Amino acid sequence: MSKRRSDWEQRPQARFLRWMRDGYGALDDQITTSISQPAAPRPDQEAMEAHDILVGTHRHERELALDRLAHYDLQNWANTRGRKVLGRLYAVLALLLGLILIYFLLNTVAFMPRFASADVPANNEVIARYVEKGLEETGAINIVAGMILDYRAFDTLGESTVLFIAACAVLILLRIDLDDHGQPMQQLIAEESDDRHYEPKNDRILQGSAMVLTPIILLFGIYVLFNGHLGPGGGFSGGAILSSGLILYLNAFGFQKAGRFFTYKIFMWVSFFSLGFYGVAKAYSFYMGANGLHSGIPLGTPGAILSSGLIMPLNIAVGLVVACTMYIFYALFRKGGL
Amino acid sequence: MWQALYDNLEQTVAVILFGIGFTILLLQRNLIRKIIGLNIMSTATYLFLASMGYIQGRKAPIVTDGVTDLAAYINPIPAGLVLTGIVVSVSFTGIMLALTVRLYRRYRTLDIDQIALLAKGEDMA
Amino acid sequence: MTLARNFPFFSILVCLVGSVVTSVLKPRAAKALTIIIAGVVLVLSAFTLRYALALESAEPFMMGHFPAPWGNELRIGRLEALMATGISAVLFITLLAGFYHMPAFVSEKKLGLYCIMVDLAMCAILVMLYTNDLFTAYVFIEIMTIASCALVIVRQNGHTLVAATRYMIMNLLASGLVLLGISMLYGITGHLLMEPLGRSVRHIVETGQYMEPLTVVIALITAGLAIKSAMFPFHAWAPDTYAFAPPMSSAILSGLIGKAYIFLLIKFFYRVIGLDVIVGTNVDSVLFVCGVSGMLMGSVLAISQRDIRRMVAYSSVSQIGYIYMGLGMGTEAGVAAALFQMLAHAAAKSLLFLSTNELVSVSGDRKRFHYLHGAGYRNPVAGVVFTVGAMSLVGIPFTGGFIAKLNLATAGMPMGGWMRALVLIALAISTLLNAVYYLHTVVSLYRRAPAEIDYPPSHRVPRHAAAALVISMLLTVYLGLGSGPIMRVIEAGLKMFA
């Protein structure tokens, strides 16, 4: 049995139910009946104002009632047949769209230049110069490294910026800020507030193998980074290898031990200096090139480590940015910060 | 046409995978599956790009033994483009996953339509 | 003076290095630095415009030591310089007027990250205006996508995250299409820079060898850029995103970022493919139909909204429809009219979003029209500014919007038969529809407030924000009165654009 309050009839819920049952008319009737009460034959200023207030109040409540009705409809619509039909229709249309897209693209591929043949439009004077003169103009033995860091360096600058901006976006989303008293400002679910909730502490096998593997991985990463212009490798692959070594260490030993050599401040300043160096170095190079001035950076002998002008420092800068970004992604997803 | 499609087999497969990934990104309601669809679509594009660089019988574009002849190496440009594309794809995946984590924390479901409904309900309450 | 030819490159660099520096600054310093960078970019763009007006033909700027097909390039012309000046002016004014109420939407600790996003969005817009290389344009499209998504996400409540997720998914679909298109175009031509691409495409059209892939490439890239700029059938993400983002972000998103995508599309049409090939493949008719539908449907949907910010967001969809209608006419006059509409809309829309936020905040943060009665009296500056902005979007004389619609109608006149009639009828109907909801809003702003709702005491708008709002209002009026020189620059710029 429902217990009703004594003023049930005036409460908004009752009004709403009445309005639902009776429709618009009931509310309007209430307005008209309540204003036709006053005894004065000619409405004076006070009664006019009272009338306006009443109309205003009811309109205000009508707005609230409309909202509640829409909410009620919305909750019920999710479980009705209309929704299921619409869901299936959407699925069928999306599938049709996918099939039509595949059909048109296959039709196109049938007319594209033949795979693995030397007689394609892509084999033109552009790559002739990259391959034939790449070594003497850029000093890099790895032609792709010479291309992305010298001929088309602006694209690589854009790409490092993409990584940087993605790290900032994930920082906006996932970083748990501490307020002035050191308490977290955002809500966390139970599993996340303790970052080793699902894992045992100090797992012997993991720690043992991490102690052996991490130095090897980091050394390999540094090797790939420094030899980007001499062989396969470069900034992006070297940075990815470095970050995987760091993440392995973090996984095995936890945030406290990793925090001894990699804190948030270090992340910020390393990214800042690397990207800043890249921007300034390439700005110098672009400015000199565009105005026809000679840039004065020596190309060195091909095959030596210290050769190919700016390519090795840029590789290192890019590698550091990549390593920091991957590490900060991992740390943010796992713990909401460093 | 079938012969042409078979000759360009890599591109055919890439395009089919692109269509599948596109449809998954559009069609699935679960956010994690959408992200997987995004990754399939991106990887298919890189396969398409990379397959444009290969020339039969030639080596990777790293100057060995001082040979800088054009006929010795494959096309280096698609390799550079794919490099850029992979970085972009990683960034997008990271952001989408971060969004998924935030939405899950708040609404405890991964279904985008259910989440939209709950958000609308919050607005009206 | 040849230092001026470096200014576009300097402006891009200032934004990029500025964003990196912002990452290590405290929030207040970051805010100040962002506004300073916007001012510097405005000054540099103005000098570039002065330099470009004296140029006879567009001038390439080598990014590095290697010329066109081998190295990257920027290209400076009258049109690019004019658009850069206009967009950076609107951005500077938006930042001045909008920053002071950001603390209500963004927590203090994330304000620095927000400033990084604004800087990088600015950098990406400048690159897309000036670039001469298709792959650079793609990389900076991605930067702009992430920046625009982050501009929305900063306000971290449930709606905003859902709207941002939908926005991100549509953007990812579009980016995928654009990348596939660029790859195919590289496959059939072998170039990535726009001028050599143009020559290759002309060769393809003459020999007819790879015509089918070329058509598909045009379709893919057009579809991708149209999805990103909220053209009609793909506009579903726009209203939620603009309504739930912080107002300054909505102003930047709808006023500036959408325009950069459309400018890139125009550049693609002119420089890479050639307008005659576009007309030959009927892509422009598709854009025309979508533009006209967007104009009408956007206004119809805006009328039924009960929330002022969603109404302004839907009217954005309708205004983008005008631009696509102008593009879809396929003539130089049509494209020139579309470019002027881009400038007029950028100026008016940022005005509207910011003044809307002022009006909402003096009405107790309630957005329903019912609560906004009398807001024009509570905050006079915002009321007047909103009125002028609304007048511009409706198309009342003495504002930029009127000249834009006049240009569109004039461009439609020489077309034959059904297209001319459709242009004029669609313009007339959509102006009427715009008037219905905008004038209704303006009237309700100046009605007497209902007595039972008590509003918080109104706070004074800081002087610099009020000054910025008034300046943007004057900009709209200037576009309405002094549009002659601007149209001449646009037309001359289009001639040297190809």
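1. Chain A contains 12 helices and 0 strands, where helices (H or I, at least four residues) and strands (E, at least two) are DSSP runs numbered from the N terminus. Its pattern along the sequence is α-α-α-α-α-α-α-α-α-α-α-α.

2. This is a predicted model, in which local features need pLDDT of at least 70 and side-chain atom pairs count only at pLDDT 80 or more, while totals for chains, interfaces and linings use all residues. Residues are numbered from 1 along each chain as its sequence is written, and chains are lettered from A and ligands numbered from 1 in the order in which they are written.

3. Of the 338 residues in chain A, 31% are buried (20 or more other C-beta atoms within 10 Å of the residue's own, with C-beta atoms placed from the backbone). Among the contacts in chain A with a separation of 6 or more, 69% join residues 24 or more positions apart; a contact requires C-beta atoms, placed from the backbone, to lie within 7 Å.

4. Chain A puts 50 residues into its contact with chain C, and chain C puts in 53 residues. On the chain A side, two or more residues come from each of helix 3 (45–77), helix 4 (81–109), helix 5 (125–138), helix 7 (153–174) and helix 11 (264–290). Helix 7 of chain A gives the most, with 14 residues. By class, the chain A side has 27 nonpolar, 15 polar and 8 charged residues (nonpolar: Ala, Val, Leu, Ile, Met, Phe, Trp, Tyr, Cys and Pro; charged: Asp, Glu, Lys and Arg; polar: the others, Gly among them).

5. Chain C is assigned domain 1 (1–280) and domain 2 (282–498), with bounds from an automatic or database domain assignment. The C-alpha centres of these domains of chain C are 22 Å apart. In their contact, 45 residues of domain 1 meet 47 residues of domain 2. The domain 1 side divides into 29 nonpolar, 13 polar and 3 charged residues.

6. How do helix 1 and helix 2 of chain C run relative to each other? The axes of helix 1 (residues 7–22) and helix 2 (residues 27–53) of chain C come within 9 Å and cross at roughly 175°, so the two helices are roughly antiparallel (over 145 degrees). Axes here are lines fitted to C-alpha atoms over the stretch in contact, with angles from 0 to 180 degrees between N-to-C directions. Residues that meet include C:F7, C:F10 and C:V14 in helix 1 and C:L33, C:I37 and C:L44 in helix 2. This contact has 13 nonpolar, 6 polar and no charged residues.

Key:
Two residues are in contact if their C-beta atoms, placed from the backbone, lie within 7 Å. Angles under 35 degrees count as roughly parallel, over 145 as roughly antiparallel, 65 to 115 as roughly perpendicular and the rest as oblique. A residue is buried if 20 or more other C-beta atoms lie within 10 Å of its own, exposed if 12 or fewer, and partly exposed in between; C-beta atoms are placed from the backbone.
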